[in-house]
Number of protein chains: 2
Amino acid sequence: MQNLNKDQVGYQAPAAILESVLYCDDLETCGHFYEQVVGLRLASSLAGRHRFYRLRGGMLLLFRSEATANDVIKVNGQVIPPHGTTGSGHLAFSIEPESIGSVPERLKSFKILIESEIEWPNGGYSIYCRDPAGNSIEFATAKLWYG
Amino acid sequence: MQNLNKDQVGYQAPAAILESVLYCDDLETCGHFYEQVVGLRLASSLAGRHRFYRLRGGMLLLFRSEATANDVIKVNGQVIPPHGTTGSGHLAFSIEPESIGSVPERLKSFKILIESEIEWPNGGYSIYCRDPAGNSIEFATAKLWYG
């Protein structure tokens with residue numbers, strides 16, 4: 001712990017999520033969805049391995065699971081632990097209430113099927129589609145959880 | 001779109017992630033890790049299907065993939081799309097710099113193996129372990145991405 005803060009305190013539970021992850025087989029095709037359709041800002045990428053996106057307070061990491069399940073990348077002599085899943089993951093983006101109404105048209109303009117739309121009992125609203133890898137992607141108002 | 005805001009605007013890219021997801025086989029065992037070891041606040045749960053945790057600005061949803069890949073839950077007549085993965089997922093929690101030094105001791109006190117510790121070139125610090133389902137869980141300072 002070379003950079004351990006001198007004013008250290010005891011363990012505190014994490015207040016936020018710093019990295020959320022989705023997996024895919026084809027980074028180019030999936031990247032097009034997150035960059036062109038969803039409109040995320042690409043922070044960095046490594047061909048064949050990952051594309052990383054910057055959001056407020058947390059990153060979305062898109063990995064090709066075939067790569068990350070098997071690669072051995074060392075940083076300062078330490079290995080980044082392998083990971084990788086198969087199947088349909090899930091993630092929800094937070095959309096401002098005044099913008100949620102524009103999501104269906106946005107998806108349709110890219111010929112992306114809307115799989116479901118749910119108005120939740122508490123007034124939150126969710127719109128679901130699939131990314132090219134089959135992950136269930138939700139556009140939701142924060143009221144769903146933080147109403 | 002019953003609750004469409006009257007002052008609607010065009011599409012705006014999401015600014016944040018509202019739901020991050022991990023999957024497991026055994027919710028009780030995995031729940032113990034997230035609640036007792038990590039210290040997250042349980043927001044809601046459904047035995048055999050999910051345990052949801054509340055963090056600042058975003059939720060962590062822990063699902064039993066065998067349930068969510070096959071169940072059909074309707075809300076206001078609309079289906080929640082199925083999803084579920086197998087294999088080792090990944091997620092990073094944001095830990096305050098003054099608290100990151102206490103993470104190794106915290107994990108050791110629960111007999112959880114530290115798989116790797118990385119000091120990143122930009123000064124960020126990450127500590128990796130596995131949850132009981134084998135997901136790669138990282139405790140990191142936000143400087144890693146927002147330095």
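The model is a predicted one.

Chain A contains five helices and eleven strands. Its C-alpha atoms fill a box of roughly 50 × 40 × 25 Å along the principal axes. Of the 147 residues in chain A, 42% are buried. Among contacts in chain A with a separation of 6 or more, 45% join residues 24 or more positions apart.

The domain assignment divides chain A into domain 1 (17-85) and domain 2 (87-147). The C-alpha centres of these two domains of chain A lie 21 Å apart. Across the boundary, twelve residues of domain 1 of chain A are in contact with ten residues of domain 2 of chain A. On the domain 1 side, β1 and α1 (27-37) of chain A are the elements that give two or more residues. By class, that side of domain 1 of chain A has seven nonpolar, three polar and two charged residues.

The largest nonpolar core has 72 residues. Those with the most contacts inside this core are A:L60, A:L62, B:L60 and B:L62. Domain 1 (17-85) and domain 2 (87-147) of chain A both give residues to the core, so the core lies between them. The surroundings of A:L62 can be listed in detail. Beyond its neighbours within four places in sequence, A:L62 is in contact with A:L22, A:C24, A:L27, A:C30, A:G31, A:Y34, A:H50 and A:R51.

The two chains also meet each other. In this interface, 72 residues of chain B are in contact with 72 residues of chain A. Strand β1 (residues 16-24) of chain B gives the most to the chain B side, with six residues. That side of chain B divides into 34 nonpolar, 28 polar and ten charged residues.

Strand pairing links the chains as well. Strand β1 (residues 16-24) of chain A pairs with strand β8 (residues 90-94) of chain B in the antiparallel sense, over three bridges. Within this pair, A:I17 has B:F93 of β8(B) as its bridge partner.

In the chain A part, strand β8 (residues 90-94) and strand β11 (residues 136-140) pair in the parallel sense over five bridges. Here A:H90 has A:S136 of β11(A) as its bridge partner.

In the chain B part, β2(B) and β3(B) run antiparallel and are joined by five bridges. The bridge partner of B:R41 in β3(B) is B:R54.

Strand β9 (residues 116-119) of chain B is joined to β10(B) by four bridges, and the two run antiparallel. In this pair, B:S116 stands opposite B:Y128. The hairpin of β9(B) and β10(B) has five residues between the strands. B:G123 in its turn has a positive phi of about 100°.

Strand β10(B) also pairs with strand β11 (residues 136-140) of chain B. Five bridges join them, again with the strands antiparallel. B:S126 has B:A140 of β11(B) as its bridge partner. The hairpin of β10(B) and β11(B) likewise has five residues between the strands. Here B:G134 takes a positive phi near 95°.

Key:
Residues are numbered from 1 along each chain as its sequence is written. Chains are lettered from A and ligands numbered from 1 in the order in which they are written. This is a predicted model: local features need pLDDT of at least 70, side-chain atom pairs count only at pLDDT 80 or more; totals for chains, interfaces and linings use all residues. Two residues are in contact if their C-beta atoms, placed from the backbone, lie within 7 Å. Ala, Val, Leu, Ile, Met, Phe, Trp, Tyr, Cys and Pro count as nonpolar, Asp, Glu, Lys and Arg as charged, and the others, Gly among them, as polar. Two strands pair if DSSP finds at least two bridges between them. Domain bounds come from an automatic or database domain assignment. A nonpolar core is a set of buried Ala, Val, Leu, Ile, Met, Phe, Trp, Tyr and Cys residues joined through C-beta atoms within 7 Å. A residue is buried if 20 or more other C-beta atoms lie within 10 Å of its own, exposed if 12 or fewer, and partly exposed in between; C-beta atoms are placed from the backbone.
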